[in-house]
Amino acid sequence: MPVVLHIDDDLDCLSVVESAFLGRASLLSVGSLAAARDLLTTHDNIEACIVDVSLDHENGLDLLPAIRVALPSVPVILFTALDDLHPGADADAVFVKSRTPFEALVETTMALIVRARRDAQ
């Protein structure tokens, strides 16, 4: 089962996303960039990262360079409340929370994991 790092400061969102992935992936759910950076250095089995952009007093985009250094081939999915965020930075997908069914987040994440595994062979 793939391991997915999920960073979000909303505990309800962390819980709902974890439930959505139940049986499909194991989530490492954290609420801060510091906790996410710690996991990036201690877990080499992470296969995808779901990052909230608007964290309390932090910007999730600040974590992207650390992800790319620690896990260069791992897909990054931005899952944000910001309506005007455009794909870019270093993200493989961008979803707006208010317009994205959780199943779409799960399906896209799983498809990106499969693609990354295939590209690594």
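Visitor: In E6, which residue is the bridge partner of Val51?
Guide: In this predicted model, local features need pLDDT of at least 70 and side-chain atom pairs count only at pLDDT 80 or more, while totals for chains, interfaces and linings use all residues. Residues are numbered from 1 along each chain as its sequence is written, and side-chain values use heavy atoms, with hydrogens and water left out. Within E6, the residue bridged to Val51 is Leu78.

Visitor: How many bridges join E3 to E6?
Guide: Two strands are said to pair if DSSP finds at least two bridges between them. E3 and E6 run parallel, and the number of bridges joining them is 3.

Visitor: Which strands stand at the edges of the open sheet, with a single partner strand each?
Guide: The open sheet has 5 strands with parallel pairing, in the order E2-E1-E3-E6-E7. One side of each edge strand is left without a neighbour in the sheet, because a single partner strand is present for each of E2 and strand E7 (93–96).

Visitor: At about what angle does H2 run to E1?
Guide: Angles here run from 0 to 180 degrees between N-to-C directions, with axes fitted to C-alpha atoms, for helices over the stretch in contact, where contact means heavy atoms within 4.5 Å. H2 lies across E1, E2 and E3, and its angle to E1 is about 160°.

Visitor: What angle does the direction of helix H4 make with that of E3?
Guide: Helix H4 covers residues 102–120 and packs on the sheet. The strands touched by this helix are E1, E3, E6 and E7, and its direction makes an angle with that of E3 of about 145°.

Visitor: Is His6 buried or exposed?
Guide: His6 has its place in strand E1, and its contacts, leaving aside neighbours within four places in sequence, include Cys13, Val17, Leu28 and Ile50. Buried means under 20% relative accessible area, exposed over 50% and partly exposed in between, with a 1.4 Å probe and protein chains only. Since its relative accessibility is 0%, His6 counts as buried.

Visitor: How many disulfides does a search of the whole structure find?
Guide: A disulfide is a pair of cysteine sulfur atoms within 2.5 Å. The sulfur of Cys49 has its closest cysteine sulfur in Cys13, 15 Å away, which is too far for a bond. Both residues are buried, Cys13 with a relative accessible area of 9% and Cys49 with 0%. Over the whole structure, the number of disulfides found is 0.

Visitor: Which residues form the aromatic pair that is edge-to-face?
Guide: Rings of Phe, Tyr and Trp (its six-membered ring) pair if their centres lie within 6.5 Å, and planes under 30 degrees apart count as stacked, over 60 as edge-to-face and the rest as tilted. The structure holds 1 aromatic pair. With 6.0 Å centre to centre and 65° between the planes, this edge-to-face pair is formed by Phe79 and Phe102.

Note on methods: Helix = DSSP H or I, 4+ residues; strand = E, 2+ residues; numbered from the N terminus.
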